[in-house]
Amino acid sequence: MSIALCINGRNDTSYPSAALNDARTCALDCVADYAAQISDIADVYYLSADGTVPAGYPWQSVVCSTVKGFLTFAQSLSDEITDIIYIHNDTPLINGVVTAEMIRDHRTYHAEYTFAEGYPSGFAPEILSREGILHLNNLCDKDDTVLKKGALFDLVSKDINSFDLETKISDVDMRSYRLTLGMDTKQEFLVTRKIYQACTAEKPEVDEKVLTSVITGREELQRSLPVYASIQLTDGCPQKCSYCPYPVMNPSLLTDRNYMKYADYMAIIKKLKSFMEGGYVSLSPFGEPALHPDIYSLASGTVSEGFTVVIETSGIGWDKKHVAALIKECGPGLLWIVSMDAPEPELYARLRGEGYNEAFDFASFLVKEAPSTAYVQCVRMKENEDVLEPFYRFWKERTDNIIIQKYDWFAGFLPSNTVSDISPVHRNVCWHLKRDLTVLMDGTVPLCKEDAGKTRVLGNMFTDTVEEIWERALPVFMDHTKKRYPGICEGCDEYYTYNF
């Protein structure tokens, strides 16, 4: 019985060949070492869109960038190949010992597909038998599905009960850390490099025990760069929502119509791109983005800089022709969230104010015009708890993209109106301190979106560098890792919520 190792070379950035330590070891070197550790490997194949193999690595070239292409290639291998190990080129912590255990179980129990559970992505491979390849090929009805991380498992999940599966389960469940030990983004690369250095500080071999200790005991290594930036565009809004802090922050929001200038906004985007390279930009944490005179140019310009734009809106004030054109131009780089909060006008008016018909019409338009990227949102609170199910059922007939958002009391800035406590048993380090930046219209960067009273200002995006601003939140993050929660953090219950 022989094994073919297939390395997905989809990541064609410089990160797989970037130095991880002073010895200039890179992810590709680690993958090559991994291949040498696995018994019974007959051939190593490098899958890439153009058939290029990184210089200096003796791997066979395969032109392949889709799931269907991979399965067709795998099915064409000689009969001597009984199993296929599938990994990625940007995973320096891929583990040979865990793989050997998975191969043993895969063969012992005659599995079609073997995967790992509870580990961070990038620590363990996926393994397919020849029967599993055939089975997946029969399920794969598209030629254009990109061969990205998770694509094989997604395909298996379409008919998971019909597969003979085997699972390698980690001793400690690390899924809650949402870690990817890979290099798809600058943020991932920096985190993976820090974890790699910590794991190999004493010896080059990284076992499960060492990885678990580093991930669970040194969470500061998991903070690298912001992934989600929320930028306020205007100081006006057509509604005074009862559960929003902004009417308290700006009592004249119904009449104010000031806005961030286009040039100033794009200057912020340029600074963020230089620092983050990519990620999500939300428009906007406070105020209605539709009121900005250049909103369509702002959104398209942000997407063109490589960010995914999230527009959270009341649904009031939009031009459908311009929106349709924007959707067509930006494609999957533009996400919409329409806040509805009630299934009928009377309750809607009590919660949000006037405008139900226009908001409902716009939400209905969006879910048809952008079915995969438009969401309808309802904030769950005491006032609408009884109609939450009718709301969900109504919109479920029209879209699968429904967000039921927990009530946010902004760390005590608003009255408590929560229906039920859904916080975890053990408090985790705040995701927002780890991943988010909030920028107000004047450039002010508070500690986070929850800091509606601006009790701790990190700086100003127009006068400070992003690096300076981001580093000023580190002491608070470090306090969280030590179970200390200063200032507004003590009374905040948004620490476990997560933006994209």
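What volume does the second largest pocket have? In this predicted model, in which local features need pLDDT of at least 70, side-chain atom pairs count only at pLDDT 80 or more, and totals for chains, interfaces and linings use all residues, the second largest pocket has a volume of about 1000 Å³. Residues are numbered from 1 along each chain as its sequence is written, and side-chain values use heavy atoms, with hydrogens and water left out.

**Pocket**

A pocket is an open set of points on a 1 Å grid over the protein atoms alone, where a 1.4 Å probe fits, with protein on both sides within 12 Å along at least five of seven lines; lining residues have an atom within 4 Å of a point. The volume is the space filled by probe spheres set on the points, which are joined across faces, edges and corners. The second largest pocket is lined by 46 residues, and P285, E312, Q377, Q405 and K449 lie nearest its centre. By class, its lining has 23 nonpolar residues (Ala, Val, Leu, Ile, Met, Phe, Trp, Tyr, Cys and Pro), nine charged residues (Asp, Glu, Lys and Arg) and 14 polar residues (the others, Gly among them).

**Aromatic contacts**

Rings of Phe, Tyr and Trp (its six-membered ring) pair if their centres lie within 6.5 Å; planes under 30 degrees apart count as stacked, over 60 as edge-to-face and the rest as tilted. The count by this rule is 24 aromatic pairs.

Helices (H or I, at least four residues) and strands (E, at least two) are DSSP runs numbered from the N terminus.

**Strand β1**

Seven of the seven residues of strand β1 (residues 2-8) are buried, so β1 is largely enclosed by the rest of the structure. Strands pair if DSSP finds at least two bridges between them. β1 pairs with strand β4 (residues 81-88) in the parallel sense over seven bridges, and six bridges join β1 to the parallel strand β2 (residues 41-48). The bridge partner of I7 is I87 in β4 and Y46 in β2.

Definitions and conventions:
Buried < 20%, exposed > 50% of the residue type's maximum accessible area, 1.4 Å probe, protein only.
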